[in-house]
Amino acid sequence: MLLFRGHGLFLGLAAVAVAVMAARLMSWWSPSAGFRLFVPGELARYRGGPGDPGLYLALLGRIYDVSSGRRHYEPGAHYSGFAGRDASRAFVTGDYSEAGLVDDVSDLSFSEMLTLQNWLSFYEKNYEFVGRVIGRFYGEDGLPTPELTQVEAMITKGLEANKQELKEKQKFPPCNAEWSSTRGSRFWCSQKSGGVSRDWIGVPRKLYKAGAKEPHCVCVRTTGPPSDQTLDNPAHSNRGDLDHPNLGDYTGCPPLASTCSFPL
């Protein structure tokens, strides 16, 4: 019972985290008073050079005063290319050329959008928000454009995907693995394999995922009801998740062994 309570608590916290972040995104991008609107040419004056009015950068259309981090962004510094513009794409790609220091993120993946969201959290926490850039992400009225709405949707979907991935990792933690040119391969399970602490060890199995070219090794619980069975249904075969349809055995490995070795 403790196992399922802990599992439920973890998933509950993950759901709360997604909800909190979704609310934070809405607050970041919703209309609010007290900020200034910049056109790109005006923002370009804020590069922190002699005579410049300040040192600003923009991310997803939101402008931050990074004067307190001047040594990182001033002319000649490593991240000087970010100053005076919205170079959202480069936060993910690492392309600091003029062609890469742009705000077009339309072809980024869900995981790359989450990287942008992490950077946005960093700037919200460490620097002062001063305004918005009129252009790709905000209109002349300061309201989000359809493109920013799409970015928000992708970040929210990415957060949901992360929650599902964490849920699956709790159910099927990755195996420990090692390979040696003299001894071959070995997979084994422990109470902390895959970075997932738990009160069971499990046995190695192949997990097949739709779209994946190869299965990967996971640790599977061998006792109690299946993870997807409700607690109010007492009837089960006491085999844990061993009968999950996406699992396969390792040929030559005893079915309930916690370690599988494959000599060369």
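Contact here means heavy atoms within 4.5 Å. The legends below describe close-up views of a predicted model.

**Figure 1. Tyr127, a buried residue in the loop between α5 and β4.** Tyr127 lies in the loop that links α5 to β4. At 12% relative accessibility, Tyr127 counts as buried, because the limit for that term is under 20% relative accessible area. Leaving aside neighbours within four places in sequence, Tyr127 is in contact with Tyr64, Asp65, Val66, Ser68, Gly69, Tyr73 and Phe122. Ser67 is 60 residues away from Tyr127 in sequence, yet the two C-alpha atoms are 8.5 Å apart in space.

**Figure 2. The open sheet formed by β1, β4, β3 and β2.** In this view, 4 strands form an open sheet with mixed pairing, in the order β1-β4-β3-β2. Its edge strands are β1 (36-38) and β2, each of which pairs on one side only. From one strand to the next, the twist averages 40 degrees.

Figure 3. On one side, β3 pairs with β2 in the antiparallel sense over 4 bridges. Within this pairing, Tyr56 stands opposite Asp65 in β3. The hairpin of β2 and β3 has 2 residues between the strands, and Leu60 takes a positive phi near 50 degrees there. Strand β3 (residues 62-65) also runs antiparallel to strand β4 (residues 128-133), to which 4 bridges join it. Tyr64 has Phe129 as its bridge partner in β4, and Arg62 stands opposite Arg132 in β4.

**Figure 4. The largest nonpolar core and the contacts of Met113.** In soluble globular proteins, nonpolar side chains tend to be buried together. The largest nonpolar core of this model has 28 residues. Those with the most contacts inside the core are Leu60, Val66, Val105, Met113, Leu116, Tyr123 and Val151. Two or more residues of the core come from each of β2 (56-59), α4 (88-93), α5 (110-126) and α6 (146-171). Met113 touches Val105, Leu108, Val151, Met154 and Ile155, not counting residues up to four places away in sequence.

**Figure 5. Ser193, a buried residue in the loop between β6 and β7.** Ser193 is placed in the loop between β6 (184-188) and β7 (203-207). Its relative accessible area is 0%, so Ser193 is buried. The side chain of Ser193 makes a polar contact of 2.6 Å with the side chain of Arg198. Which residues is Ser193 in contact with, leaving aside its neighbours within four places in sequence? They are Pro173, Pro174, Cys175, Asn176, Trp188, Arg198 and Cys219.

**Figure 6. Asn176 in strand β5.** Asn176 belongs to strand β5 (residues 176-180). Asn176 is buried, with a relative accessible area of 18%. The side chains of Asn176 and Ser190 are joined by a polar contact of 3.2 Å. Beyond four places in sequence, the residues in contact with Asn176 are Arg186, Phe187, Trp188, Cys189, Ser190, Ser193 and Gly194.

**Figure 7. Pro173, a buried residue in the loop between α6 and β5.** Pro173 is found in the loop that runs between α6 and β5. Is Pro173 buried or exposed? Pro173 counts as buried, because its relative accessibility is 0%. Once neighbours within four places in sequence are left aside, Pro173 is in contact with Ser193, Val196, Arg198, Trp200, Val218 and Cys219. A separation of 9.7 Å lies between the C-alpha atoms of Pro173 and Arg221, which are 48 residues apart along the chain.

**Figure 8. Confidence along the chain and the stretch of residues 1-14.** The mean pLDDT of the protein chain is 88, and 85% of its residues reach 70 or more. Over residues 1-14, pLDDT stays under 50. For this stretch, the model has 17 contacts beyond four places in sequence.

Conventions:
Residues numbered from 1 in each chain as written. Predicted model: local features only at pLDDT ≥ 70, side-chain atom pairs only at ≥ 80, totals over all residues. Heavy atoms only, no water. Core = buried A, V, L, I, M, F, W, Y, C linked by side-chain atoms within 4.5 Å. Buried < 20%, exposed > 50% of the residue type's maximum accessible area, 1.4 Å probe, protein only. Pairing = 2+ DSSP bridges. Axes fitted to C-alpha atoms, helices over the stretch in contact; angles between N-to-C directions. Polar contact = N/O pair within 3.5 Å; in protein donor to acceptor, adjacent residues only side chain to side chain. pLDDT = per-residue confidence, 0-100.
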